[in-house]
Amino acid sequence: MNTGFSILAGRVRLRHLRPADLPVFAAYRADPSVCRFQGFDPFSEAQAIGFIARHTAADIPAAPGEWVQIAIARSANDELLGDCALHLLAHEPRIAEIGITLAPQQQGRGYASEALRGLLRFCFEELGLHRVVALVDPRNAPSVALMERVGMRREGHFRQNGWYKGEWCDEYQYALLAADWAAAG
Ligand SMILES: CC(C)(COP(=O)(O)OP(=O)(O)OC[C@H]1O[C@@H](n2cnc3c(N)ncnc32)[C@H](O)[C@@H]1OP(=O)(O)O)[C@@H](O)C(=O)NCCC(=O)NCCS
């Protein structure tokens with residue numbers, strides 16, 4: 001358990017989810033537009049309550065093979081803006097997969113870029129990871145733009161690589177190596 005987890009990244013802070021985040025979290029997790037290109041369906045209120053309860057004191061990172069969700073809060077007033085996710089691969093925990101979601105009203109302001117840079121800094125500079133990957137549906141233009149904005153390299157286009165929301169979906173694989181991060185300074 002590491003409840004003191006806190007990463008300041010520009011205007012945002014990455015921290016544990018808290019019970020006080022529930023109204024904002026439940027609202028955006030219930031929004032079909034937020035879930036459109038993600039592996040989960042819109043949450044019920046009960047799911048949101050349970051999800052926050054499981055994450056308020058979760059280990060960050062979680063045990064290899066398990067995802068942990070991390071709150072993205074506005075550093076000035078601690079308002080929840082969205083969340084990001086971190087998963088060390090079970091077979092190779094020096095490699096992580098990440099994900100990110102912002103509440104619709106917080107998109108288009110640069111908060112996701114700042115949060116992702118903070119998460120990458122944590123992965124490479126504190127956890128000492130070798131490689132971080134993210135899978136993105138090519139139709140998810142804001143997410144594709146985000147990956148490229150933070151310097152992730154598009155390594156592959158996997159055709160119909162996942163079954164989501166009743167259809168086979170293509171995925172771009174983005175990745176960054178520790179050496180890339182160090183070189184970018
Ligand atoms: C993917 C997602 C997190 C991207 O969020 P985003 O807000 O577009 O990304 P950023 O925070 O980097 O914001 C960039 C935008 O803010 C604008 N912006 C405004 N103020 C800014 C500032 N101070 N600094 C940087 N950018 C700023 C940029 O110009 C850019 O606008 P554009 O999209 O019109 O070019 C968001 O679309 C989302 O949550 N989608 C739903 C969930 C999802 O699909 N997640 C991905 C699963 S793989």
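In this predicted model, R154 lies over the face of Y172, at 3.9 Å from the centre of the ring. There is another arrangement of this kind at F43, where the charged end of R29 sits over the ring, 5.1 Å from its centre.

A pair of aromatic rings is described by the distance of the centres and the angle of the planes. How many aromatic pairs does the count come to? The count comes to nine. One of them joins F25 and F43 in an edge-to-face arrangement, with 6.2 Å from centre to centre and 80 degrees between the planes. F25 belongs to helix α1, residues 22-29, while F43 is in the loop between α2 (32-35) and α3 (45-55), and the pair therefore ties together parts that are 18 residues apart in sequence. Are these two residues buried or exposed? Both F25 and F43 are buried.

W163 and W168 also form an edge-to-face pair, with the centres 5.4 Å apart and an angle of 70 degrees between the planes. Here W163 is exposed, at a relative accessible area of 53%, whereas W168, at 48% relative accessibility, is classed as partly exposed; the two fall on either side of the cut-off, since exposed means over 50%.

Notes:
Residues are numbered from 1 along each chain as its sequence is written. This is a predicted model: local features need pLDDT of at least 70, side-chain atom pairs count only at pLDDT 80 or more; totals for chains, interfaces and linings use all residues. Side-chain values use heavy atoms; hydrogens and water are left out. Rings of Phe, Tyr and Trp (its six-membered ring) pair if their centres lie within 6.5 Å; planes under 30 degrees apart count as stacked, over 60 as edge-to-face and the rest as tilted. Helices (H or I, at least four residues) and strands (E, at least two) are DSSP runs, numbered from the N terminus. Buried means under 20% relative accessible area, exposed over 50%, partly exposed in between (1.4 Å probe, protein chains only). A charge sits over a ring if NZ of Lys or CZ of Arg is within 6 Å of the ring centre and within 35 degrees of the ring normal.
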